[in-house]
Amino acid sequence: PVLLMHGFLENSEVWICRNRHESLAFMLVEAGYDVWLGNVRGNKYGFKHVTMNPSKSEFWDFSMDEMARFDLPAIISYIIQATNTTKVHYIGFSQGSAIGFAAFSTNVELSSQIAIFIALAPSTRVHGLKLKLINTLIKTDPNLIYWIFGKGIMMRWVIFWRLVLPKAMFVRALDYSTYLLFGWNMSNIADHDKPMLYSHLYSYGSVKTMVHWFQIMAACRFQMYDDQASHTGVSWSRLSTRKILKFSYRGHQPPHYPIHQISIPVALFVGGNDSLPDTKWLLGELANPVYVRIEPTYEHLDFQFAKCAPANVYPKIIDLVKTYS
């Protein structure tokens, strides 16, 4: 079996929203594999709990740590039991790869159940944002995000604007936002596909997960969520911008994820124009990746949505799955 895991603020629809000849999930099925689509807690397909209500902040009290420690092991365990097999091929995009790096570096039993880990736009330690003011504020204290968005759902208003705005306007807004924040041009994605693809791009996620990412960015470490830092007592409502810029983020150092301990086969697919992941650092941490491919013109989302990905990238992914079957 093959498990596909989506990125941050996405759900499993991103793997199957293109036609069967352009979708990695369908291409794997056509190659004879049993394909499973993972979803993280809190998104469109993980919007439930046996005791907690999504309208309450306690429901959203999770970061990537819970996904790596509980969710991914539970998903893989279920697949192994359902298919009566011993190993799963894991393909993670962006945050889906980060969950894999976190889980496989700390859970030896789980990593023994992985045939190969294929990371698309592999994300562990990440660079800052292109917009310098926002980048400075967030690196000063990632908990500023809590002051802006609260402690519940991250950017719930995106769904409202996706429904209200004309599709062409929503596409332009998203293209502009990604350029403003990351410097991505989104030019490898076919313009006529964008309205359909972008309609599947956002799904619910927790503000705490976003704070976790900004803690990683501020600390320059692929680390666990720093709960101590979230209780440093900064009152953002009382701080001027000048004072914010003088404040230093000094949370107690939480444990890092020991990527160098990963012993399973790892393959990396990296975008040459992807400004977000610190790929050089990742390559220095991994013991011996079995395959590294750099697509010179690719940005972050291109491994899911680029018009040339089905011809240039997906066949090699399928070959790797075959090799380690």
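**Reading helix packing and overall shape in a predicted model**

Tutor: With 325 residues, a compact globule would have a radius of gyration near 20 Å, and the protein agrees with this at 19 Å; the radius is taken over C-alpha atoms, and the globule rule is 2.2 Å times the number of residues to the power 0.38. This is a predicted model, in which local features need pLDDT of at least 70, side-chain atom pairs count only at pLDDT 80 or more, and totals for chains, interfaces and linings use all residues. Residues are numbered from 1 along each chain as its sequence is written, and side-chain values use heavy atoms, leaving out hydrogens and water.

Student: What does the C-alpha trace span along its principal axes?

Tutor: The span is about 60 × 45 × 40 Å.

Student: How many helices and strands does the secondary structure have?

Tutor: Helices (H or I, at least four residues) and strands (E, at least two) are DSSP runs, numbered from the N terminus. Here there are 15 helices and six strands.

Student: How is the packing of two helices read?

Tutor: Two packed helices are described by the angle between their axes and the distance between the axes. Axes are lines fitted to C-alpha atoms, for helices over the stretch in contact, and angles run from 0 to 180 degrees between N-to-C directions. In this model, the axes of α2 (residues 64-83) and α3 (residues 95-106) cross at roughly 85° and come within 9 Å. The pair is therefore roughly perpendicular, a term for angles of 65 to 115 degrees.

Student: Which residues of α2 and α3 meet?

Tutor: Contact means heavy atoms within 4.5 Å. From α2, Met64, Met67, Ala68, Leu72 and Ile76 meet α3 residues Gln95, Ala98, Ile99, Gly100, Ala102, Ala103 and Phe104. These residues divide into 10 nonpolar, two polar and no charged; Ala, Val, Leu, Ile, Met, Phe, Trp, Tyr, Cys and Pro count as nonpolar, Asp, Glu, Lys and Arg as charged, and the others, Gly among them, as polar.

Student: At what angle do α2 and α10 cross?

Tutor: The axes of α2 and α10 (residues 207-219) cross at roughly 105° and come within 8 Å, so these helices are also roughly perpendicular. Met64, Asp65 and Met67 in α2 meet Thr209, His212, Trp213 and Ile216 in α10. This contact has four nonpolar residues, two polar and one charged.

Student: Is Ser94 buried or exposed?

Tutor: Buried means under 20% relative accessible area, exposed over 50%, and partly exposed in between, with a 1.4 Å probe and protein chains only. Ser94 is buried, at 9%. Ser94 lies in the loop between β3 (88-93) and α3. Not counting residues up to four places away in sequence, Ser94 touches Gly7, Leu120, Ala121, Ser123 and His300.

Conventions
Parallel < 35°, antiparallel > 145°, perpendicular 65-115°, else oblique.
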